[in-house]
Amino acid sequence: MTTMESLIGLVNRIQRACTVLGDYGGGDNSFSSLWEALPSVAVVGGQSSGKSSVLESIVGRDFLPRGSGIVTRRPLVLQLHKTDEGSQEYAEFLHLPKRRFTDFGAVRNEIQEETDRITGKTKQISPVPIHLSIYSPNVVNLTLIDLPGLTKVAIEGQPETIVDDIETMVRSYVEKPNCIILAISPANQDIATSDAMKLAREVDPSGDRTFGVLTKLDLMDKGTNALDVLEGRSYRLQQPWVGIVNRSQADINKNVDMIVARRKEREYFATSPDYGHLASKMGSEYLAKLLSQHLESVIRSRIPSITSSINKTIDELESEMDHLGRPIALDAGAQLYTVLEVCRAFERIFKEHLDGGRPGGDRIYGVFDNQLPAALKKLPFDRHLSLQNVRRVVSEADGYQPHLIAPEQGYRRLIEGALNYFRGPAEASVDAVHFVLKELVRKSIGETQELKRFPTLQADIAAAANEALERFRDESKKTVVRLVDMESSYLTVDFFRKLPQEVENKGGNPQAPVTDRYGEGHFRRIGSNVSSYVGMVSDTLKNTIPKAVVFCQVKEAKQSLLTRFYTQLGKKEGKQLLQLLDEDPALMERRQQCAKRLELYKAARDEIDSVSWTR
Ligand SMILES: Nc1nc2c(ncn2[C@@H]2O[C@H](COP(=O)(O)OP(=O)(O)OP(=O)(O)O)[C@@H](O)[C@H]2O)c(=O)[nH]1
């Protein structure tokens, strides 16, 4: 069996770890809170209901600040550790790990000062808890959280909102299903008006996790008693009510020792005509034992769910850490490696877009299959080869001496003029593919998870890739224009060799008169011959332009999009590399939080494992 000590000690250790990492009940946290999964006991009550007195008598020591107004302004997480009989009592604060307090007056001062350290002297409240551990043979293992007293009016110097602020803070603790509520009400007030019971009823209507504590039994009017409450008739709870008699103000003024006070309390119940029959179930010592046992059994029953919640959170945090990436290494070599790794990830995605696997590459084929043929079709050859223009160009080419057989010069000029039109669609194809590539770079950058961390590197890669694409575009343009120019520079002789025969065959009658070389039909035929030649060239270019474009732009983009960037990278020094890897601060912060949390949860898991082993 797991010992009680180890179970409560386990939760104590996890709670401390939580606080170190800023995870505490009532805190504002974007992560699921481990604290909330842990059972704890919160002390709530109206002002002057006797909360401090109950806590002190559970501890058996005077150590809480006293005064008028709201004294408790930060939650006090009080962890009690039972030590061997005869050992010295001491206290330790989590915020002062190296100091052992044996003087409990000094503990009181430190609580006061530490409260002010966060809240200032303005009497504000803060949800950041103070952790105090007390090691003593006179305590039972127990963790209690002392919360500010519920109040109805703000006193001078306090903001008006304090009444609500306190309630909100107290509520944020007690509404958690794992919180055991120690609700303190004074017996000399009507239980129906108790602030503690009002809140407890709201957050725990079934009374499952509320322990009702009735203080000031000794201050009740003569002839009255609290048996209706203590025996559960006035207000039913699943747990038994406990009556308490704390030190009176006069006792406190006289410095009546806590141990003496405990004895007096025992005597009070033992000799009380009203409560004598309940004596064994009354008093602060009994309350401490009751709570400790209850806390232990609650912890025991929760361990499996705590463990599974811890394991689930560890998985979540680990996958988030993977997603956020590892922290940046300090040496330049490792930094260069990181930059290269990220660049490669980007290049891989970019290639997937081109080669298929990711969409977008098909749009390049769309340029070749639709845009280019459509643009070629739209070229104004009809106008260029109109009868009128053919006649004008041929006549101009002839000069004063009209051609005798075939208008060689005229043909050349008409063909050259027509071929010039191909530059437009050729260049437009280059541009269209350029824009597709640019868009794919943009997309790939967006899809490279590894890049998300590094806005600077992302911008630099985008700039380098786009600069490379511009270069490829220039090269590609030169090449396609060259293809067109090549067509003009040497015409396909074969085509013309066949022409005259075709003309003569056409008539079919050798006797027919030779066509009038200067008539309309003649020029029409010239136009039609040029048109067929241009059509042939158009078919050729429809095939060769895509080859040039793929060769100059697509293949280059796949192979050497970042080549120049890599060369420049090689010249960079450590500092410049670090600049490239300068992360988004929000992300850095998130990773840090994640890492810390992961550490906490792993530590918690180890703690739980170690307790399980001692069974
Ligand atoms: N006679 C008698 N006096 C008590 C008892 N419990 C508390 N008192 C007195 O009631 C006063 C308030 O008690 P505290 O323990 O300071 O009450 P509190 O709820 O902590 O008060 P705040 O922290 O100011 O909200 C003190 O003067 C105590 O001595 C009791 O059971 N009997």
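The model is predicted, so local features are considered only at pLDDT of at least 70 and side-chain atom pairs only at pLDDT 80 or more, while totals for chains, interfaces and linings use all residues. Residues are numbered from 1 along each chain as its sequence is written, and side-chain values use heavy atoms, with hydrogens and water left out.

A nonpolar core is taken here as a set of buried Ala, Val, Leu, Ile, Met, Phe, Trp, Tyr and Cys residues joined through side-chain atoms within 4.5 Å. Buried means under 20% relative accessible area, exposed over 50%, and partly exposed in between (1.4 Å probe, protein chains only). The largest such core holds 67 residues, and F422, L457, I461 and L561 have the most contacts inside it. Helix α21 (residues 520-560) gives the most to this core, 12 residues; helices are DSSP runs of H or I with at least four residues, strands are runs of E with at least two, and both are numbered from the N terminus. A second, separate core has 60 residues, including L182 and V242.

Beyond its neighbours within four places in sequence, F422 is in contact (heavy atoms within 4.5 Å) with L376, L379, F381, V484, V534, V537, S538 and L541. D485, in helix α18 (residues 455-489), lies 63 residues from F422 in sequence and 9.3 Å away in space, C-alpha to C-alpha. D485 is partly exposed, at 32% relative accessible area.

Turning to Q239, this residue sits in the loop between α7 (227-230) and β9 (242-243) and counts as buried because its relative accessibility is 16%. A polar atom of the Q239 side chain lies 3.0 Å from the backbone oxygen of D208.

Key
Polar contact = N/O pair within 3.5 Å; in protein donor to acceptor, adjacent residues only side chain to side chain.
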